[in-house]
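Hi everyone, thanks for coming. Let me put the structure up, and then we can walk through a few parts of it together.

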Amino acid sequence: MSQQRDEAQVVLRLEGITKRFGALTANDAISFDLRRGEVIALLGENGAGKTTLMNILFGHYTADAGRVEVFGRALPPGHPRAALAAGVGMVHQHFTLADNLTVLENILLGTRSLWRPGLGRAAARARVVQLSADFGLAVHPDARVGSLSVGERQRVEILKALYRDARILILDEPTAVLTPQEADALFETLRKAVGLGLSIIFISHKLHEVMAVSSRVLVLRHGRLVGQVATTETDRHQLAEMMVGAEVTMPRLAAAVPGPALLTLSQVCTPDQGAQPGLKHVDLALHAGQIVGLAGVSGNGQAALADLLAGLTRPASGGLHLAKAVPQDWSPRTALAAGIARIPEDRHKTGTIADFSLTENAILESYGEAPFSRRGWMNWAEAERFAKQIITTYDVRCPGPDTRIRLLSGGNMQKLILGRALEPGPRIILANQPVRGLDIGAVSYVHSRLVAARDSGASVLLISEDLDEIMGLADVIHVISEGRLSPGFGRGEMSPVQLGGWMAGQGFEVTNAA
Amino acid sequence: MRLEPIANPGLVRRLGFPAVALAVTVVIGSALAMLAGADPFATLGLIVKGAVGSRFAALETLNRATPLIFTGLSVAVAFRAKLWNIGAEAQLYAGALVTVLLGTGALAWPALPLLAVIALAAMLAGAVLLLGPVVMKTRAGVDEVVTTLLINFIMLLVISMLLEGPLKDPMGMGWPKSAPLQKAARLPRLFEGLRLHWGFGLALISALVVWVIQTRTTLGYEIRAVGQNAQAARFAGIPVNRVLLKTAFLSGGLAGLAGFSEVAGLKGNLTLDLSPGFGYTGIIVAMLALLHPLGVVLSALFVAGVFVGSDSMSRAAGVPTYIADILLATALLLMVLALLLTRFRVVRD
Amino acid sequence: MEIFDILVSASFWAAMVRIASPLIFATMGELICERAGVLNLGIEGIMVIGAFAGWMTVYAGFGLWAGVAVAMLAGMAFGALHGVLSVPFGLSQHVVGLGVTLLATSVAYFAYRLALPEVTSPPKIVPFQPFEVPILSQIPLVGPAFFAQTPMTYLAFAVVAVVALVLYRTPLGLALMAAGENPASVAAQGLSVTAIRMGAVIVGSGLMAVGGAFLTISAFSSFFFEMVNGRGWICIALVVFGGWKPGKALLGALLFAGFDAAQVRMQQTPLGAEVPYQVFLMMPYILSILALIVMSRRASVPAALMVPFNKGER
């Protein structure tokens, strides 16, 4: 009997889903059920196949094998509209909103046949207001999406799904852009949704969240479903092991031996850049032999600080001092000349030139100097020698220095950037999200290189949205929120919850007054 | 459908698609000839014969290719940096204008220094004309396509105004044309007895110089980096705006040389029909050459051949000469598509 | 005070609206394309093919409205070519647009020479005649400007209203604007970005061609080479000037046409006798450039303009 009742409760069933991209098997015969009122967490490293699986379910990709059933009926593959119509709603990791339209217009987009005249705004508006209230998703329907905060945009995405009568909600890494407090509000919304009979698939690689919200955990590794456990019967340790295939060990760091300050910012302000806040009276000192971690929710001024230190922008007011002098003409070139190595946030768009060879990418920051060029003439032999040196020293897996870099994996691309940045022996290393999107092997490689640089006397600024990474590596932690920088906290001085408070903007008023 | 990059495209793919593109162009050309009531094979034969069938025809093709090499190089240099210079036409006229201003008696110098100074001045004039749109682009974010296009129209009106005003040849029987260049300001012939002037030699040298700049110098590296990914270039410390200005100098200068070469080498004076759209045709030349400077020479010869051949065919077979423009436009569009298909696979999903 | 005399003459206002009409069609066409994310540099050539196709149809003995329809179809055909190359294949919109302009122009010239070999003076047709709206056309200045024009001019204004209405008040318009701002938002709803952008380019190109046809079957009565003369490029500037908004673009077109009408009349004045006529002819192009400089900082460009959308790309 209970078997039958269970069967009736199944709202979504995946059977033997397989998807290959060339030689890579992104999903290997994955099967599972989702029941009414259930929250499944889909756990896995970057590249484990989570997003691919959800894109198949949602009809963005067609599976090579397997079938998807929603409410007992097979979903035709490759038709996002069919998934929508069957009651599947997806909140993508990168929001799919049009900034030039209002919240209401974004919600309405695609809900009516394109050939119908009129939008039926009034009725739609009333319904959106009602849904906002029911699910605790406060957002003004007539606000332009371009003017909303990241958290508000996510609410719009959820409202979009709810407006379409989604019975199954899929959230892809929804907390990556939220403060811990905003994440709690999201979990509250999800609980309300479950209470109203919705089912949820929650994709994440953050173990504590998975433990907090889900009733069942599915673990993906290298495209295969390697484990399925009820949340109550497992713990973080076991999940981590299942996810990585081996026990995870954070690097054990010897205590830092900080040296003199190599770079200091005093009361620095920079202008806002659109939705990205500028810096507000920031004081910061980067000492030799120390890793400074910058924690914060994405879009709170990290970009402004990174751009400033990389030489892309100048302080509008306040001072930037290097150990030796105040730089006269602050630019990427002077930053490089001052011994600042930069690992940019986006290795595809900012870090490398996709159609350039490894050699050409290796000298991107130093092509204008000997031995790579003299009096405006390139010395390609020297450039290639340098590229080969990076390839060997940093274990860049590639066919050779002539390979176009777009053909490399993210990890190998990052190793080339790392090599390019570290090989000249920099005094200051600016590492902006250096391990985002890398597999565990590459992550620990990058981390070990940064720690080694610290131990040999360099100053490292590590910017990351992953609090665990910051807490594991940083000797001093600053939190950035809306362009303001918290005081520095020593290792172990603050709990994650306390840091979360700072990330949400608490505590700054006190310091400013003081 | 979806495009999927191919890691290492095979030789068949790399050559096959461009070959198909050219074949389709020929088929379309034949269809057009039939439409005009002519025998397609005979028409194509006449085009080939008109382009290279005789010593006279071949020289005509070389002469026609000369300005196209310059404008093709101008476009190729600019497009390499993703600087969309559609204004080679105006820059050509700027070069021609300066040639006439300096070469009709203003400087009574011997030939060699005079020609050198005029050539440099013509380059400068072309370059200056492109600086405006580039500064507007870097400072105010104005799309350079539209500004360079509009300047083409303005420049033609300026020339027209000058040719009917201060530059008008008093001995010109009322025609709007400039006075002829002095003897010393004329480019000599490349070989004794051949109707081919030094402009062609200068064009070949220019192609070589541009090739060396692009592959061997830091400027070439900077230009390619800015064109491929300006954001990464800026991050790496490449002064993007300055590189764009240098590119503009080079690109505008090359187009200016086209005007110099046409006036000093071929025509001897300035008229409003100096260029039948050499600036625009330069875009086709550059694209067909994949923006490669040495390829520009070959594609300019090809394009010039199509034009010269079509002119002569048109006189013989009565097919409108605009068939040449259709063929080249078709070849351009099919070629960019073919080149895409050599690197990407079309996948249904 | 010649300028004042010009401004109070009925013929000036009528000329302004007449000159604006082809620009209005083509500007709306370009605006639709760009709102969907595609810069259509084929505009100049598509106007030429429209001018030719419309005129040829009428010359062959079909009606004037048939001419408009055929012009539109011809424009749509070249729009489809542009669309296929620039949308699903995502080729450079600059290169494709210039290629289409070249192709459409040369096809028009080729066909014209084929149809009428060896004509010395271009043959004429009977173009659209002005239709005077009773009563309203008697209003001073406004009457001759807006209520004594050819039916195609009235159509141009109707097109602006329809474009604005569709853009801001229908699901189709939302999808179009979203496709030009963030195509992923459209794809996430299961709508086809490719279909929307293709549709926009095809319809937009149709309007451009009608703008071209206005020249040959409403403003003038024959087709001659070089008659479009950069109007297409000016329309691209007008779209920027109008901030990608139909109403503002319409105002821009009228303003621009006003200057054009004024410069023609200025040539007849004593001042015009002293200044070479080329200076007056230059004005429209210079104005376009100035408009671009002034407006470019403020205008909100569709965020995904010129960005191809490839499903499943990183």
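Let's begin with what covers the buried residues of helix 2 of chain B: the cover includes helix 1 (11-35), helix 3 (55-80) and helix 12 (293-317) of chain B. Helices here are DSSP runs of H or I with at least four residues, strands are E runs of at least two, and both are numbered from the N terminus. A quick word on the source: this is a predicted model, where local features need pLDDT of at least 70, side-chain atom pairs count only at pLDDT 80 or more, and totals for chains, interfaces and linings use all residues. Residues are numbered from 1 along each chain as its sequence is written, while chains are lettered from A and ligands numbered from 1 in the order in which they are written.

Which residues of helix 2 of chain B are buried? They are Thr43(B), Leu46(B), Ile47(B), Gly50(B) and Ala51(B); buried means 20 or more other C-beta atoms within 10 Å of the residue's own, with C-beta atoms placed from the backbone. Down the axis of helix 2 of chain B, these buried residues fall within an arc of 125°, so they line one face of the helix. The arc is taken over the directions from the helix axis to the C-beta atoms.

Over to helix 1 of chain B, where we find Thr25(B). Thr25(B) is buried, with 21 other C-beta atoms within 10 Å. Leaving out residues up to four places away in sequence, Thr25(B) touches Leu327(B), Thr330(B), Ala331(B) and Leu334(B), contact meaning C-beta atoms, placed from the backbone, within 7 Å.

Finally, the contact between chains B and C takes 37 residues from chain B and 38 residues from chain C.

Methods: A residue is buried if 20 or more other C-beta atoms lie within 10 Å of its own, exposed if 12 or fewer, and partly exposed in between; C-beta atoms are placed from the backbone. Two residues are in contact if their C-beta atoms, placed from the backbone, lie within 7 Å.
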